Amino acid sequence: MQDQYISYPAAPGKRLWRNPHFNTFWFGQTLSVFGDSFASIAIPLLVLQATGSVALMGLVTAMNSAGQILAGFFAGVIADRVDRRKLMIVCDVVRMCLYGAIPLCWSLFGPQFWLIFLVVGLGSCLGLTFQVAYVTAIPNLVDGDQIVEANSRLQITYSIAFVLGPVLAGFIVGTFGASAAITGDAISFAVSAFSLLFIRLRAVAEVTPLELIKQETVEQVTIPRPIERRSTLWTDFVEGATFIWHNQVLKPMAFLLFILTLLTAGALDLFIFHIKADLGGNDTSVGLVFGLASIGGVVGGVVAPTLRKRLGFGPCWIGSLLLNAVALILIALAPNMVLCCLLAMLFTFSSTVSSVVSMSLRQEITPDSLLGRVTSVFWTVIGVPGPLGAALFTGLSTHVGTTSVLLLIGSLAFVTMLTGLFTPARQRFPVRHF
């Protein structure tokens with residue numbers, strides 16, 4: 001009898017390395033987020049340098065959140081209707097022009113705060129549209145069993161970029177001014193757009209399984225039949241919302257993240273102000289703290305696939321956000337810059353783990369033809385309280401201090417995530433309903 005040899009497919013991680021389209025996409029987005037790390041530091045510091053007001057920083061953050069909410073009503077519909085690669089390229093090119101206008105106008109006419117609000121508002125609309133297309137593109141670039149690994153690698157390099165980016169941004173802001181650092185973000189959008197010219201996405205399924213979204217068990221799954229697409233933006237948006245509403249895991253996730261966004265939307269501004277006003281830091285030290293804190297994000301990206309595989313979704317997602325809240329409480333109590341930096345690493349570690357497992361779950365359990373709308377609706381719902389939260393808590397800090405507000409935010413966030421243990425979001429292995 002002849003020996004029979006069974007050929008097993010390569011592991012997901014090994015096959016991912018051999019995917020040229022994903023690797024090109026990965027490279028381009030790594031450089032893009034490197035530029036984003038400049039803007040995340042430079043724009044708040046630009047406002048703070050010119051005004052000294054943490055409340056005004058909060059208003060700029062609120063404008064960013066408002067732009068994302070507005071875009072949420074149409075970004076997913078567009079991503080499900082058009083070529084996603086071309087959509088990302090257009091978003092990158094327009095953002096390059098917008099952010100490039102800040103240093104140009106600043107150098108010619110001096111501080112123009114109306115331009116900051118305009119760029120942040122329009123840039124956030126384009127940014128969310130890009131991110132929706134970005135999320136929907138990943139399942140079209142990799143196999144189903146590679147989704148968590150792909151998201152993990154993107155998060156790892158995202159965190160690495162934020163290790164170096166803020167350090168360099170802090171140096172540039174301290175030496176040449178904040179407007180000069182924003183130039184790096186504009187250049188990164190050009191690089192991202194160029195890299196996207198060389199990737200190809202798999203065809204999007206033409207099935208919109210609206211009739212399947214109420215099914216809750218594997219035994220109920222049936223083969224979907226093609227149905228005619230809706231013709232209006234509103235009905236398409238409602239279709240994504242309906243899917244979330246009837247999904248036993250996504251619905252409680254959206255509710256919990258809605259509360260967390262209200263609480264933490266202004267946390268970045270408060271943290272920057274805390275470093276400078278309470279701990280005696282300068283612009284360079286802000287960049288250094290943010291850069292070192294991103295090391296936690298690198299570690300989180302590395303371990304997220306393993307944690308998801310061994311613990312399951314619920315323990316990873318809820319546990320990481322509980323840890324996130326604890327880190328925020330301890331940051332408020334940290335007496336010096338060194339301890340604050342270590343706790344910031346813990347914060348970015350837990351944030352990255354929760355982000356990887358949350359994004360991967362949506363990509364795994366949502367039909368591809370509906371993924372843009374589900375992602376857009378999900379982000380819109382959880383982003384709605386962002387402007388209010390940013391304005392409320394940064395304004396409150398002017399009366400009671402940033403330390404007290406950070407402590408309050410962390411404590412309420414911890415209580416919020418404890419309630420998640422009593423919802424279906426605690427499930428280890430949610431089933432796919434189509």
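# Chatting through the salt bridges and helices

Trainee: How many salt bridges does the count come to here?

Mentor: Nine salt bridges, taking a side-chain nitrogen of Lys or Arg within 4 Å of a carboxyl oxygen of Asp or Glu. Keep in mind that this is a predicted model.

Trainee: OK, which residue does Arg373 form a salt bridge with?

Mentor: Asp80 is one partner, and the closest N and O atoms are 2.8 Å apart. That pair links distant parts of the chain: Arg373 sits in helix H15 (residues 368–383) and Asp80 in helix H4 (residues 75–81), 293 residues apart. Glu239 also meets Arg373 in a salt bridge, at 2.8 Å from N to O. Since Glu239 belongs to helix H9 (residues 233–245) and Arg373 to H15, this pair ties together parts that are 134 residues apart in sequence.

Trainee: Buried or exposed, those residues?

Mentor: Arg373 and Asp80 are both buried, and Glu239 is buried too.

Trainee: And which residues are linked in a network of salt bridges?

Mentor: Asp80, Arg81, Arg84, Asp236, Glu239, Asp368 and Arg373.

Trainee: What about Glu149, where does that one lie?

Mentor: In helix H7 (residues 147–176), along with Arg153, which is four residues away, about one turn of the helix. The two form a salt bridge, with 3.2 Å between the closest N and O atoms.

Trainee: Switching topic: what should helix H10 span, going by its 15 residues?

Mentor: At 1.5 Å a residue, H10 (residues 250–264) should span 21 Å, and its end C-alpha atoms are 20 Å apart, which agrees.

Trainee: Which residues in H10 are buried, and what do they pack against?

Mentor: The buried ones include Leu250, Pro252, Met253 and Ala254. The buried residues of H10 pack against several helices, among them H9, H15 and helix H13 (313–333).

Trainee: Last one, Val119. Where is it found?

Mentor: Val119 is in helix H6 (residues 113–141). With 1% relative accessibility, Val119 counts as buried.

Trainee: What is Val119 in contact with, leaving aside its neighbours within four places in sequence?

Mentor: Leu98, Tyr99, Ile102 and Ser124. As for Cys97, 22 residues from Val119 along the chain, the C-alpha atoms of the two are separated by 9.7 Å.

Definitions and conventions. Residues numbered from 1 in each chain as written. Predicted model: local features only at pLDDT ≥ 70, side-chain atom pairs only at ≥ 80, totals over all residues. Heavy atoms only, no water. Helix = DSSP H or I, 4+ residues; strand = E, 2+ residues; numbered from the N terminus. Buried < 20%, exposed > 50% of the residue type's maximum accessible area, 1.4 Å probe, protein only. Expected span 1.5 Å × (residues − 1). Contact = heavy atoms within 4.5 Å.
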